[in-house]
Amino acid sequence: MDGPTPRMLANFVRAVAVLSLRAADQVAWIDSLGMGPAVDELALELGDGALLAPQFVEAGWLGADVLPPLQALDGLLSDMSGPENAELWDVSSLESSPLWAAARAQANEVLRAIH
């Protein structure tokens, strides 16, 4: 494979959309995946697409204005990682953590930049 595919772009957009959902809808998404109480999948799916985003821009599939809010979202999720933040990656934190609220708001910024 020489570059990103439309399917990869669709997966990226879906990952951003899921991150932008209300907490209750994110919980339902996690439940539908059968992932149990861990919410790692929310960040993992975004991470793959974030790495490819410059290529999506180069292909003309996304505007360059998507990169700054995406980098901010990816950075926020990275800051939330690590053993000292393990409690953030339990499904119960989706509704209670201000960091997850900030991630949802930032994901909405990314969605607004996608055109």
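Trainee: Leaving aside neighbours within four places in sequence, which residues is V57 in contact with?

Mentor: V57 is in contact with L62, G63, A64, V66 and L67. Contact here means heavy atoms within 4.5 Å. Keep in mind that this is a predicted model: local features need pLDDT of at least 70 and side-chain atom pairs count only at pLDDT 80 or more, while totals for chains, interfaces and linings use all residues. Residues are numbered from 1 along each chain as its sequence is written, and side-chain values use heavy atoms, with hydrogens and water left out.

Trainee: What makes a stretch a helix, and how many are in the chain?

Mentor: Helices are DSSP runs of H or I with at least four residues, strands are E runs of at least two, and both are numbered from the N terminus. By that count the chain has 6 helices and 0 strands. Along the sequence, the pattern reads α-α-α-α-α-α.

Trainee: How is a pair of packed helices described?

Mentor: Two packed helices are described by the angle between their axes and by the distance between those axes. The axes are lines fitted to C-alpha atoms, for helices over the stretch in contact, and the angles run from 0 to 180 degrees between N-to-C directions. Take helix 3 and helix 4 (residues 67-79): their axes come within 10 Å and cross at roughly 155°.

Trainee: What does that angle make helix 3 relative to helix 4?

Mentor: Helix 3 is roughly antiparallel to helix 4. The scale calls angles under 35 degrees roughly parallel, over 145 roughly antiparallel, 65 to 115 roughly perpendicular, and the rest oblique. Helix 3 passes helix 4 in a left-handed crossing, a name used if the near helix is turned anticlockwise from the far one by less than a right angle; clockwise is right-handed.

Trainee: Which residues make that contact?

Mentor: Helix 3 brings A43, L46, G47, A50, A53, P54 and V57, and helix 4 brings L67, L70, L73, D74 and L77. By class this contact has 10 nonpolar, 1 polar and 1 charged residues. Ala, Val, Leu, Ile, Met, Phe, Trp, Tyr, Cys and Pro count as nonpolar, Asp, Glu, Lys and Arg as charged, and the others, Gly among them, as polar.

Trainee: Why is A53 called buried?

Mentor: Buried means under 20% relative accessible area, exposed means over 50%, and partly exposed lies in between (1.4 Å probe, protein chains only). A53 has 0%, so it is buried. A53, in helix 3, touches L67 and L70, not counting residues up to four places away in sequence.

Trainee: Why does E45 count as buried?

Mentor: E45 has 15% relative accessibility, so it counts as buried. E45 is also in helix 3, and beyond its neighbours within four places in sequence it is in contact with R14, A15 and W29.

Trainee: How do you know that A23 counts as buried?

Mentor: The relative accessibility of A23 is 10%, so A23 counts as buried. A23 belongs to helix 2 (residues 23-33) and touches L94, E95 and R104, leaving out residues up to four places away in sequence. Across the chain, buried residues make up 39% of the 115 residues.

Trainee: What angle do helix 1 (residues 6-20) and helix 3 (residues 40-58) cross at?

Mentor: They cross at roughly 130°, and their axes come within 8 Å. That angle makes helix 1 oblique to helix 3. The contact includes M8, L9 and F12 of helix 1, and L42, E45 and L46 of helix 3. Its residues divide into 12 nonpolar, 1 polar and 2 charged.

Trainee: Why are helix 1 and helix 6 called oblique to each other?

Mentor: Helix 1 and helix 6 (residues 98-113) pack at an angle of about 135°, with their axes 7 Å apart. On the scale for angles, the two helices are therefore oblique to each other. Helix 1 passes helix 6 in a left-handed crossing.

Trainee: How does the radius of gyration of the chain fit that of a compact globule?

Mentor: The radius is taken over C-alpha atoms, and the globule rule is 2.2 Å times the number of residues to the power 0.38. With 115 residues, the rule gives a radius near 13 Å; the chain has 14 Å, which agrees.
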